Amino acid sequence: MKLEETKQDWIKAFGDKPLAIAGPCSAESQEQVLRIAHELDKDYVKVFRAGIWKPRTKPGSFEGIGEIGLKWLQKVKEETGLLVSTEVASAEHVRLALEYGIDILWIGARTTVNPFLVQEIAEAIKNYGGTDKIVLVKNPVNPDLDLWIGALERLLAQGVTKLGVIQRGFSSYIKTKYRNNPQWQIVLDFKSRYPNIPVIVDPSHICGNRTGIQEIIQQGFNFEFEGTITETHYDPDNAWSDAAQQIVPARLLEILKETELRKHSGENSKYDTEISHLRSEIDQIDGQIWDLINARMGVVSKIGKLKKEYNVAVYQPERWEEIIKKSKEQASAIGLNPEFVEKIIKEFHQESLNIQNKIMS
């Protein structure tokens with residue numbers, strides 16, 4: 001069976017509302033996880049999450065409470081009726097999670113980038129009798145759609161059929177207001193290819209702070225994502241890991257109540273007519289943009305030939321700094337996001353370098 005042929009009906013079992021998964025970044029004590037679980041509103045939140053093993057960037061950081069935390073998750077399930085979920089990053093994690101009856105497993109971004117680890121986890125799920133479990137795969141740290149899809153295909157090949165993905169944003173060397181840039185287009189490309197696979201948005205890891213969580217959840221639901229996984233803690237500032245991006249359960253409830261769900265297109269003829277006209281305008285403007293880009297690259301070729309004739313280096317740092325500065329100023333003047341414009345200009349510059357290097361060769 002191919003990935004696009006699978007029927008992901010498991011998401012429907014959670015009802016008409018988008019699936020809400022919530023809980024602390026890390027399990028710290030039995031008292032902590034139980035208190036948070038009891039404070040969550042069960043009309044909205046259906047799954048409790050907690051990190052038991054925490055892959056940290058640097059050694060010496062808190063790396064999770066370990067196996068004992070799985071017992072605490074069992075207690076959460078017994079007392080609240082919530083399903084429970086945690087991250088697994090090795091075959092041993094899978095074995096223990098299944099032994100303690102964890103309902104939903106997720107594969108983290110750092111693991112998704114490693115096909116060997118994903119294969120090990122997929123085989124462990126099969127070997128330890130967990131192919132009936134729901135498995136969610138976070139996007140890889142880097143924006144690599146094939147790597148993300150490959151992880152799902154490895155799971156499916158081992159008989160895991162209840163699949164979903166988590167959009168937690170992508171790392172970038174360019175500093176933005178996000179901890180991990182959402183790069184929505186990559187996720188929408190995935191959703192276009194696999195509309196049957198549920199997408200869960202992770203606002204906590206995208207934002208890296210609690211102030212932007214509502215905005216990201218709303219944006220996810222604007223794209224008709226099927227749920228959210230949000231880090232919650234009764235005392236976020238004193239959490240043992242990722243304190244800045246956790247919110248109290250009461251705040252999560254406010255956000256979920258205020259979030260607007262969007263209808264799928266095609267349900268309103270007036271909307272369909274108006275959107276068709278606006279999209280036609282975009283198509284015309286896009287055509288003009290491509291013509292202008294083509295003209296720009298034509299000038300770039302002339303510059304490359306001139307540099308070759310006079311034996312001048314391709315890269316001119318002063319000119320590049322001037323272009324960046326001017327573009328940002330123009331962007332601000334007309335109300336465009338300077339960060340957005342800088343990204344576009346950098347792509348133009350890279351292609352310009354490619355063209356001129358080819359001419360030089």
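**Helix α2 and the cysteines**

Start with helix α2, residues 68-80. At 1.5 Å a residue, its 13 residues should span 18 Å, and its end C-alpha atoms are 19 Å apart, which agrees. The expected span is 1.5 Å times one less than the number of residues. Helices here are DSSP runs of H or I, at least four residues; strands are runs of E, at least two; both are numbered from the N terminus.

A word on the source: this is a predicted model, so local features need pLDDT of at least 70, side-chain atom pairs count only at pLDDT 80 or more, and totals for chains, interfaces and linings use all residues. Residues are numbered from 1 along each chain as its sequence is written, and side-chain values use heavy atoms, with hydrogens and water left out.

Which residues of α2 are buried? Gly69, Leu70, Trp72, Leu73, Val76 and Thr80. Buried means under 20% relative accessible area, with a 1.4 Å probe and protein chains only. Down the axis of α2, these buried residues fall within an arc of 155°, so they line one face of the helix. That arc is taken over directions from the helix axis to the C-beta atoms. Their cover includes α1 (30-39), β2 (45-49), β3 (83-87) and α3 (91-99). After α2 comes Gly81, with a positive phi near 80°.

Now the cysteines. How many disulfides does the whole structure hold? The search finds 0, a disulfide being a pair of cysteine sulfur atoms within 2.5 Å. Cys25 is in none; its nearest cysteine sulfur, in Cys207, is 14 Å away. For Cys207, the closest cysteine sulfur is that of Cys25, too far for a bond. Cys25 is buried, at 0% relative accessible area. Cys207 is buried too, at 5%.

Note on methods: Buried < 20%, exposed > 50% of the residue type's maximum accessible area, 1.4 Å probe, protein only. Contact = heavy atoms within 4.5 Å.
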